[in-house]
Amino acid sequence: MNYSLLIQGHLTELTLICCALIVLIVDRLVMVRSWPSHRYPVAAVLTASGCGIAMCGKFQADEAIAAMTASVAILSLGEKFTKQVGEYFLLLLVAAAGLVFMVHADDLLNAFLGLETASLSFYVLVALDRKRAEAVQAGFKYFLYGGVSAACLLYGLSLIYGLTGSLNFAECTQAFAGMPPSPIAYVAAVMIVVGFAFKLAAAPFHLWAPDVYRHSATPVAAFIASASKIGGVYLLARVVGAFHREAIVPAIVAVSVMSLILGNLAAISQRSLTRLLAFSAVAHAGYVLVGLCGASDQPIPMGALFYYAVTYAIATAGAFGLVMVLRRDTGSDNLEGLNGLNQRSPALALLLAIFVLSLAGIPPLAGFFGKFYVFASVLRGGSSLAIGVTSLAILMSAVSLYYYLQVLKRVFVLPQKDEAQAPPQVSRATMILLTALALATFLAGLYPQGLLRSLAPPL
Amino acid sequence: MISLPWTIYLCLVGAALLRFWPGRSDGSVRAGALGVAVGALLLTLNAACQFEPLPDGSLITLTKAEWIPAIGANYHLAADGISLTLVLLTSIAATVGVLFSWNISHRLREFFALYFLLLAGVFGVFLSADLFLLFVFYEIAIVPKYFLIAIWGSTNREYGAMKLALYSFVGSALVLIGLLAAHVFTGGSSFDLATLALKTAPAAQQMWIYPLLFIGFAILAGLWPFHTWAPTGHVAAPTAASMLLAGVVMKLGAYGCLRVAMPLCPDALTAWQIPFASLAVIGILFGAFAAMVQDDFKFVIGYSSVSHMGFAMLGLTTLTLAGQKGAVMQMFSHGIIAGLLFGIVGRMIYDRTHTRDLSLLQGMRLTRRMPFVAGAFLVAGLASMGMPGFSGFIAELSVLQGSWKPFPVIALLAAVGVLLAAGYTLRVLRMVFFPDEDSKGRGTAPLDPLTWPELTGTLFLIAIALYIGLQPAGLMGWIEGALKSPLMRPCIGGGLP
């Protein structure tokens with residue numbers, strides 16, 4: 001075995017792991033004793049620079065995950081929710097390393113290991129704020145659901161192994177190519193889709209999402225909503241590409257349709273911004289799954305899905321940044337707290353508008369082109385099933401405008417509750433990060449080719 | 001011609017500048033806004049003077065650059081006689097709209113920023129020759145409309161604004177489905193208008209793509225039964241926004257039908273001709289009857305817009321040269337006249353009397369207190385009911401002429417609509433300006449005098465309606481030339497090139 005090749009292939013993960021160890025050692029050995037008040041900034045800067053090193057190279061899924069991790073690390077500076085600083089950043093980096101390992105994996109079992117490494121870190125991250133009972137409860141709920149989904153996924157993978165005798169992506173693709181759809185393939189398909197639906201918060205397996213989004217610390221929620229989505233979408237697309245398409249498409253269509261309808265309709269009645277974002281995540285999982293509903297002779301639209309996942313992650317991370325500002329300002333994440341934000345801080349209002357409108361899919365923001373490209377690529381196969389699902393998705397995105405505009409109505413139209421309210425306190429780091437995310441959303445939408453060109457599909 | 005794209009950029013830059021305009025004085029913001037609008041008007045006039053249509057009348061490319069090769073979308077702006085007509089209308093409406101919002105002082109900078117963002121979207125739609133680009137501009141125009149109405153509107157503004165936004169977005173969702181389908185069924189390599197119109201999807205697919213595109217766009221044009229956003233939206237909107245809504249935004253819809261839906265689906269046109277013509281004529285009659293029984297002055301104008309846009313839609317469905325010519329002419333003419341009516345009712349009357357209730361206005365003796373307004377409304381009313389000498393007459397006559405041959409019954413019903421227009425116009429004219437002598441006079445206190453921006457704007461619009469009414473040949477020539485181009489030939493009943 002050639003170790004230098006192995007190291008080269010996993011350089012990103014190794015960088016992240018090393019960075020995690022450095023962060024832990026520095027925090028535990030130096031910072032706790034000498035400068036306790038500087039623990040957060042130092043750990044965040046170390047994490048962000050570790051991710052920065054990991055981002056060297058072509059901007060692909062692993063670099064995108066590292067970039068989102070760096071953003072979350074900077075975001076953490078605004079909400080110092082735990083005293084276990086070193087452990088917190090360690091878990092972030094380990095989760096990121098797990099996701100990157102999953103993205104790099106060429107083999108289903110390795111991918112599963114990466115996914116579980118990341119998921120276990122997520123469970124702990126959610127429950128890390130031990131003093132709040134809701135956080136622990138959300139973490140436990142997430143753990144239970146996640147455990148069941150992992151079991152489903154693993155069972156599905158075992159059936160794939162039984163059918164093909166291999167877990168390698170390329171070999172599976174070949175083995176499935178000539179095979180007629182058997183009942184076992186359908187069972188495996190359902191198991192895999194159920195497992196991924198849990199991870200992506202697609203209906204009807206989304207029940208953990210509103211609680212986790214609401215009760216975990218804001219940066220943790222931002223991390224779960226952004227980086228893990230990029231990895232999840234990427235892996236799902238590869239698994240679907242390697243699997244028996246005819247068997248798996250019906251299950252995907254079912255989950256996609258349910259997510260589109262339930263996510264968009266349930267989001268309408270939400271009163272808390274985080275729960276609204278959670279149901280919007282359910283809806284967005286639906287749009288992503290539309291991208292996998294294409295005809296069976298059609299290649300998976302890897303570029304479109306990657307663009308969608310990355311721009312969605314950026315906009316969601318930005319929106320969670322504003323959740324954090326809102327929480328510091330009003331003490332809760334109720335939508336009422338946003339009333340009249342534009343009068344108090346036009347800059348924050350503009351940032352929120354950019355993120356929300358991107359999620360709603362209004363051009364020239366990135367969310368629009370993401371949806372457009374996913375739909376256009378799926379329709380290229382010309383199957384009438386794809387036309388139906390895409391039409392539903394487009395119409396449901398018209399529904400989604402309603403609740404996104406409700407948020408913006410509070411920000412721009414309604415007056416603030418009491419006139420003398422001071423503008424919300426935002427640290428400079430958060431402001432710079434949010435501005436960068438908003439710029440990325442805007443530029444990626446204006447010139448999508450830049451981001452698309454960087455991805456050479458591995459399939 | 002080359003100056004036309006700059007209308008878009010000027011509006012975008014103007015929006016950004018006005019949003020962050022320094023200083024405390026509102027006067028300089030207004031002057032700046034007027035400067036941007038007049039700048040756009042001058043750019044358009046410059047282009048109109050230089051305009052030399054190609055021999056076959058097709059689109060003249062203004063800018064073309066590769067944009068997103070992954071889906072075959074280009075940044076392609078182009079213009080022909082039809083786009084030029086509508087760009088001209090937009091820049092006129094923009095200028096007059098600024099004049100009629102001179103009294104706004106609440107969050108003035110944001111108002112003009114959104115105003116010019118909306119206009120940038122509208123200019124963009126009229127100048128796009130790439131359908132992806134057109135759709136992007138079409139959607140850019142939706143969000144500013146919502147905020148313009150929700151923040152600066154009056155009656156039921158949040159409801160009206162949301163209704164308008166959702167109707168527009170549902171319409172654009174239908175358009176998006178249709179566009180994607182047309183893109184995919186023509187090979188999935190391009191969004192260029194000319195390419196898609198040349199290749200066209202298989203006839204069986206066109207049969208369902210066409211209604212999606214047509215209805216999707218027609219929602220914004222106020223086609224019955226999808227018109228219900230229009231009266232509430234117009235009533236809720238601040239004056240300048242209702243002028244833009246009726247004046248140009250409704251035209252986006254009609255323009256989309258003509259420029260996108262029809263050329264893309266030439267084989268489905270005749271099959272859907274009668275259904276759509278029926279909807280259009282129902283809209284004409286329904287709008288007119290509804291306008292006749294309203295108590296709110298602005299609702300009268302709102303429903304009359306539905307009725308008048310019905311003529312434009314009817315003209316589109318005739319598939320004859322006269323009908324199409326009349327339709328485009330009606331878009332222009334209604335843009336001018338509806339802008340004038342909304343300006344008079346929303347700005348001149350409502351901002352002074354603080355009521356739009358016809359029975360209250362009846363007792364206010366407005367003719368004696370505001371003779372200029374009475375005179376202006378009289379002229380605008382005559383123009384609106386299609387008096388010869390005004391632009392509306394030529395447009396509606398041409399539509400009726402075009403629709404006589406394909407469907408005489410519908411043409412007759414539409415002609416009844418012209419009579420009804422006289423009915424509801426005269427009704428409000430009598431109630432508000434010439435009430436019976438015995439009605440109790442309540443208001444005697446002097447009203448605020450008219451200001452120069454209102455006077456200028458009103459006279460400007462009346463002059464244009466008259467000029468086009470008396471000298472339609474120039475505009476008609478542009479429109480006719482463009483309609484005879486190979487791209488538009490299926491729309492006037494000619495075969496494929």
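Where in chain A is the place of A:Pro204? In this predicted model, A:Pro204 sits in the loop that runs between helix H9 (183-200) and helix H10 (208-215) of chain A. The peptide bond that leads from A:Ala203 into A:Pro204 is cis, its omega being near 0 degrees. The loop between H9 and H10 of chain A also holds A:Ala201, a residue that is not a glycine and yet has a positive phi of about 60 degrees. A:Ala201 is buried, because 29 other C-beta atoms lie within 10 Å, and the cut-off for a buried residue is 20 or more. As background to both of these features, most residues other than glycine have a negative phi, and most peptide bonds are trans.

Taken along the principal axes, the C-alpha atoms of chain A fill a box of roughly 70 × 50 × 40 Å. Of the 459 residues of chain A, 62% count as buried.

One helix pair of chain A can be described in detail. Two packed helices are described by the angle between their axes and the distance between the axes. Helix H16 (residues 346-360) of chain A and helix H19 (residues 428-446) of chain A pack with their axes 10 Å apart and at an angle of about 40 degrees. That angle makes H16(A) oblique to H19(A), because angles under 35 degrees would count as roughly parallel and those from 65 to 115 as roughly perpendicular. The crossing in which H16(A) passes H19(A) is left-handed. On the side of H16(A), the residues that take part are A:Leu351, A:Ile354, A:Phe355 and A:Ser358, and they meet A:Leu434, A:Ala438, A:Thr441 and A:Phe442 in H19(A). By class, this contact of H16(A) with H19(A) has 6 nonpolar and 2 polar residues, with no charged residues.

Chain B has 21 helices and 2 strands. The radius of gyration of chain B is 21 Å, close to the 23 Å that the globule rule gives for 497 residues, so chain B is as compact as a globular protein of that length. The C-alpha atoms of chain B fill a box of roughly 70 × 60 × 40 Å along the principal axes, and buried residues make up 63% of the 497 residues in the chain. Of the contacts in chain B with a separation of 6 or more, 81% come from residues 24 or more positions apart.

A cis peptide bond, with omega about 0 degrees, joins B:Trp224 and B:Pro225, and B:Pro225 lies in the loop between helix H9 (203-221) and helix H10 (229-236) of chain B. B:Leu319, found in the loop between helix H13 (297-318) and helix H14 (321-353) of chain B, has a phi near 60 degrees, a positive value in a residue other than glycine. With 22 other C-beta atoms within 10 Å, B:Leu319 is buried. B:Leu319 is also one of the residues touched by B:Leu269, together with B:Met262 and B:Pro490, when residues up to four places away in sequence are not counted. B:Leu269 itself lies in the loop between helix H11 (239-264) and helix H12 (273-292) of chain B, and it counts as buried because it has 21 C-beta neighbours inside 10 Å. Although B:Leu269 and B:Gln206 are 63 residues apart in sequence, their C-alpha atoms are 9.1 Å apart in space.

The contact between the two chains takes 26 residues from chain B and 26 residues from chain A. On the side of chain B that touches chain A, the elements that give two or more residues are helix H5 (131-140), helix H6 (142-152) and helix H7 (157-185) of chain B. The largest share of that side, 13 residues, comes from H7(B). By class, the side of chain B that touches chain A has 22 nonpolar, 2 polar and 2 charged residues.

Technical notes: Residues numbered from 1 in each chain as written. Chains lettered and ligands numbered in written order. Predicted model: local features only at pLDDT ≥ 70, side-chain atom pairs only at ≥ 80, totals over all residues. Helix = DSSP H or I, 4+ residues; strand = E, 2+ residues; numbered from the N terminus. Buried ≥ 20, exposed ≤ 12 C-beta atoms within 10 Å, placed from the backbone. Contact = placed C-beta atoms within 7 Å. Axes fitted to C-alpha atoms, helices over the stretch in contact; angles between N-to-C directions. Parallel < 35°, antiparallel > 145°, perpendicular 65-115°, else oblique. Left-handed = near helix turned anticlockwise from the far one by under 90°. Nonpolar A, V, L, I, M, F, W, Y, C, P; charged D, E, K, R; others polar. Rg over C-alpha atoms; globule rule 2.2 N^0.38 Å.
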